[in-house]
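This briefing is meant to be read alongside the sequence and the coordinates. Please keep both in view while going through the points.

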Amino acid sequence: VVLLERAGALGGQVALAASVPGHEEWGEIVVALARRVSALGVDVRLGLEATAEAVVAEQPDAVVVATGSGPGTPPFAPDGMPVFDEWDVLRGGGPADGRVVLLDRGVRAEGATMAEALALRGNEVHWVAPTPTVAFGLDPASLAVLLPRLALAGVRRVPESTIVGTAGRDVTILNVFDRTIRVLAEVDAIVIAGHKRASTSLGVQLEGRGIEVRAVGDCVAPRHAAIAIYEGELAGRAL
C-alpha cells in the first residue's frame, strides 16, 4: 500500500478540528490510525500531490481516492464583505476581535467548532443556522457541555435563519420559516462553516485508464468522519 498525502502530516480535516482548544480528542483518531499504518508498513509519502500522473506512475492495481472536500461558493453575494471558510479559521486566519456572523450549513460539529474558535479569539459571534436549533445534529450529551461553554463566551444563537445578502457592513438575515427579515449592522466579517464541495477531480481524471478506482469519504459527498472511516474500511476489505 502506498499512501500519497498532500499535506506535511496525516489527518486532513480531523487534524485541523483537533487544533481548536477543547476539541483535542479528535486528534486521537489520527494518532491511532497513523500508528496502525506505520505498524503495517504502509509507504507513506507526505507533501506529495496525488495528481493522475503521479498515481498512474505507480502502476497500481487499484486506487482508493480520499481527496476530501473544499469550501463551496458562498450562497449569497458578499458585496465587499470579508468572507472566510472553516479552513481559513482552522489554519489560523480569519477575523479576530470583531463582530462576526457565523453561517452554519453543516450537519454536526462544524458550526460548534467554528463558534468556539472564533469566540476564543475575542470575536462577538452571531451563530446563524437554518435548523430549529444551532448544533442540530449533535447528541444531547455533547450539547450539555457545549452550549453552556459557548454561552459563557458570549456567543449569540440565531436559529431558523440564513444570510441572504450584505450591504456595506450590514448583513441581511432571513428566518427560513416565517420569512421575516432582520439586519445586523456593523459586521466585520462572515465565516461559513459546513458549506463544502466534494473534491472529485482526481477520480474523474483516473476514469478510463484501466485502473480499479474506489472513492471514499467527503470526495463522494461531504459528511462526518465516522462515515469516511467506515467507507475506507469497506474499500480496504473489498480490495
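The points below, which concern a predicted model, are grouped by topic.

**The open sheet**
- Three strands form an open sheet in the order S9-S10-S11, and their pairing is antiparallel.
- The edge positions are taken by strand S9 (161-167) and strand S11 (181-184), each of which pairs on one side only, while the twist from one strand to the next averages 30 degrees.
- Between strand S10 (residues 170-175) and S11 the antiparallel pairing extends over 4 bridges, and within S11 it is Ile181 that stands opposite Leu174.

**Strand S6 and its partners**
- Strand S6 (residues 99-104) is mostly covered, with 5 of its 6 residues buried.
- S6 runs parallel to strand S7 (residues 124-128), to which it is joined by 5 bridges, and Leu102 has Trp127 in S7 as its bridge partner.
- S6 also runs parallel to strand S12 (residues 189-193), again with 5 bridges joining the two, and here Asp104 stands opposite Ala193 in S12.

- Ala62 lies in strand S3 (residues 62-65), and it counts as partly exposed because its relative accessible area of 28% falls between the limits of 20% for buried and 50% for exposed.
- Leaving aside residues up to four places away in sequence, Ala62 touches Ile211, Glu212 and Leu239.
- Ala62 and Gly210 are separated by 148 residues in sequence, whereas their C-alpha atoms are 9.4 Å apart in space.

Notes: Residues numbered from 1 in each chain as written. Predicted model: local features only at pLDDT ≥ 70, side-chain atom pairs only at ≥ 80, totals over all residues. Heavy atoms only, no water. Pairing = 2+ DSSP bridges. Axes fitted to C-alpha atoms, helices over the stretch in contact; angles between N-to-C directions. Buried < 20%, exposed > 50% of the residue type's maximum accessible area, 1.4 Å probe, protein only. Contact = heavy atoms within 4.5 Å.
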